Amino acid sequence: MDERENTPQTGESGDESGTAGDRSGTTDVDEADDPDNLGADLDDPPSSGTPSRSDRSAPGTDESDSTTDNPTSGDPTDNPTSGDPTDNPTSGDPTDNPTSGDSSLPDPTSIDDVSTDIDVGSGGRDRSSTDVDFDGVVLDDDDENQGLFDDLLSGEPIFENKEVLRPSYTPHELPHRNDQINRMATILVSALRGETPSNILIYGKTGTGKTASAKFVSQELESTSQKYDVPCEVEYINCEVTDTQYRVLAQLANTFIEQNQAVIADRLDRCRELRSTAVDDPSALADTEFAAVEELDARIEELEADADEMEEVPMTGWPTDRVYSTFFEAVDYHERVVVIMLDEIDKLVEKSGDDTLYNLSRMNSELNRSRISIMGISNDLKFTDFLDPRVKSSLGEEEIVFPPYDANQLRDILQHRADIAFKQDALTDDVIPLCAAFAAQEHGDARRALDLLRTAGELAERSQAEIVAEKHVRQAQDKIELDRVVEVVRTLPTQSKIVLFAVILLEKNGVHNINTGEVFNIYKRLCEEIDADVLTQRRVTDLISELDMLGIVNAVVVSKGRYGRTKEMGLSVPVEETEAVLLSDSRLGDIENAQPFVQARFDN
């Protein structure tokens with residue numbers, strides 16, 4: 001056997017557990033003190049006492065020969081980690097080993113050599129090694145892959161608080177509505193005295209500040225009632241959504257049940273605390289309504305029974321009289337004055353009649369502890385014409401009319417909101433007057449003016465402009481003016497477009513009360529012009545019904561006596577704009593050629 005094969009590696013200690021130190025080129029440093037060697041133990045052979053792989057493969061060899069089969073020993077010509085310091089970059093000779101104890105001689109080639117000897121998949125890889133710059137990789141990845149919203153967020157925002165321009169926002173000040181607000185306040189102030197306020201009906205067109213003013217007064221009423229410790233509250237219901245008697249009563253009942261449960265829980269806590277004190281000190285009941293602990297126990301049992309009886313009303317399934325009685329008991333549980341604000345009250349009357357208003361207006365004669373007042377808000381000045389005379393007399397005790405805003409008033413409103421909504425100097429001087437002028441053309445709608453200003457700001461922000469200019473207002477005006485029905489027309493199927501175009505041709509040629517037969521005759525001619533399949537007249541009638549459902553045409557079934565029934569219809573959308581949308585369809589572009597034939601037909 002060659003002498004070199006029995007010679008241990010340079011720097012190798014007698015203990016087999018020190019092999020990790022050999023690979024790193026250290027000789028005298030204990031592996032427990034070297035953190036770089038912790039991971040290398042995972043690839044080392046087991047410690048003494050457990051047979052190593054070399055022992056299992058050569059059971060007859062001496063322990064000193066166990067390194068002959070170890071890949072880290074043997075012939076230096078085959079083993080890059082052999083003991084020859086001239087060939088082994090990891091040799092223990094400090095003069096030739098760049099990884100030895102002298103750290104003042106960095107050699108980049110040695111780092112590459114070491115990295116090639118490390119098993120990438122093993123757990124012994126040193127995660128703190130400098131062969132891979134993970135931070136650099138991550139930074140490069142961020143630079144190359146910008147997020148979708150990074151560019152959009154790079155610009156400075158124009159808005160300070162966009163919610164101020166929303167219709168749902170209730171401002172702390174309502175310009176040019178002081179008269180209406182003061183009148184509402186003088187009517188509702190009786191609620192703070194524990195009396196029943198008069199019912200109020202508020203009229204006005206859309207965007208005249210009805211709901212905002214009513215909510216402002218309601219907030220002031222509730223805050224003042226808390227200040228003077230008077231039980232008074234306002235319950236708001238949007239009858240556009242809650243449009244049936246069952247839903248109105250159920251929503252009110254559940255609101256009061258939830259409040260009653262909180263009141264009962266508070267009273268129970270105080271009674272139980274008082275009882276625990278009175279058991280040890282009976283004199284604690286001296287200044288209370290209870291003469292003995294037994295009376296206090298009875299009160300606790302009564303409150304617990306009341307809590308068990310508080311059952312919420314489901315949104316469907318109960319008889320209406322049961323819902324009404326539950327609401328009646330819930331509202332009359334303790335003393336309070338309740339103002340029920342019914343926004344869009346005309347929608348409730350239109351959907352379910354005046355039964356709800358009749359029951360609510362007559363409740364005060366049956367209530368013992370509480371009082372109810374109704375505040376109705378409507379933009380239909382004539383909806384009371386459909387009410388029962390008894391309901392009309394009790395409901396319309398006080399009427400307040402909100403007139404439309406003029407251009408100067410709209411300018412003040414927009415300026416007041418813009419000071420809060422936008423950053424300083426974000427608007428040019430002509431933005432607010434232009435928004436006010438556009439809105440004043442449409443009956444003084446403040447909601448429309450606020451939408452116009454908000455949309456202009458959004459368009460400016462999307463284009464990454466620094467300020468909102470006149471061009472943004474005009475773009476917003478064009479965007480809002482875009483008729484939604486025209487968008488529906490653009491997406492209609494081809495057959496529906498042909499039927500609609502037939503109706504347009506008939507209207508343009510002076511035909512009124514257009515019937516289904518006339519539409520079908522023109523429809524067949526148009527199908528021939530564009531080489532489309534001709535549907536049956538029954539199917540065309542169904543397409544007309546679909547157009548009626550979409551609000552594009554207004555179709556009414558008319559009886560012709562012994563001649564049967566037919567549908568008479570007319571357009572509900574602008575003729576010129578709708579025709580332009582239809583002609584923008586590539587298949588219907590040549591349909592204009594059929595117009596002279598239609599004209600000749602009516603001339604004859």
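A salt bridge is counted here where a side-chain nitrogen of Lys or Arg lies within 4 Å of a carboxyl oxygen of Asp or Glu. The model is predicted, with local features requiring pLDDT of at least 70 and side-chain atom pairs counted only at pLDDT 80 or more, whereas totals for chains, interfaces and linings use all residues. Residues are numbered from 1 along each chain as its sequence is written, and side-chain values use heavy atoms, with hydrogens and water left out.

**View A. The salt bridge of Arg166 and Glu163.** The side chains of these two residues meet at 4.0 Å, N to O. Arg166 is partly exposed at 26% relative accessibility, and Glu163 is likewise partly exposed, at 45% (buried means under 20% relative accessible area, exposed over 50%, and partly exposed in between, with a 1.4 Å probe and protein chains only).

**View B. The salt bridge of Glu398 and Arg183.** The N to O distance in this pair is 3.8 Å. Because Glu398 belongs to strand S5 (residues 398–402) and Arg183 to helix H6 (residues 178–188), the pair ties together parts that are 215 residues apart in sequence; helices (H or I, at least four residues) and strands (E, at least two) are DSSP runs, numbered from the N terminus. Glu398 is partly exposed, with a relative accessible area of 24%, and Arg183 is partly exposed at 39%.

**View C. The salt bridge of Asp388 and Arg390.** Here the side chains meet at 3.0 Å, N to O, with Asp388 partly exposed at 23% and Arg390 partly exposed at 46%.

**View D. A network of salt bridges.** Lys162, Asp451, Arg454, Glu458 and Arg462 are linked in this network, and the structure as a whole holds 19 salt bridges.
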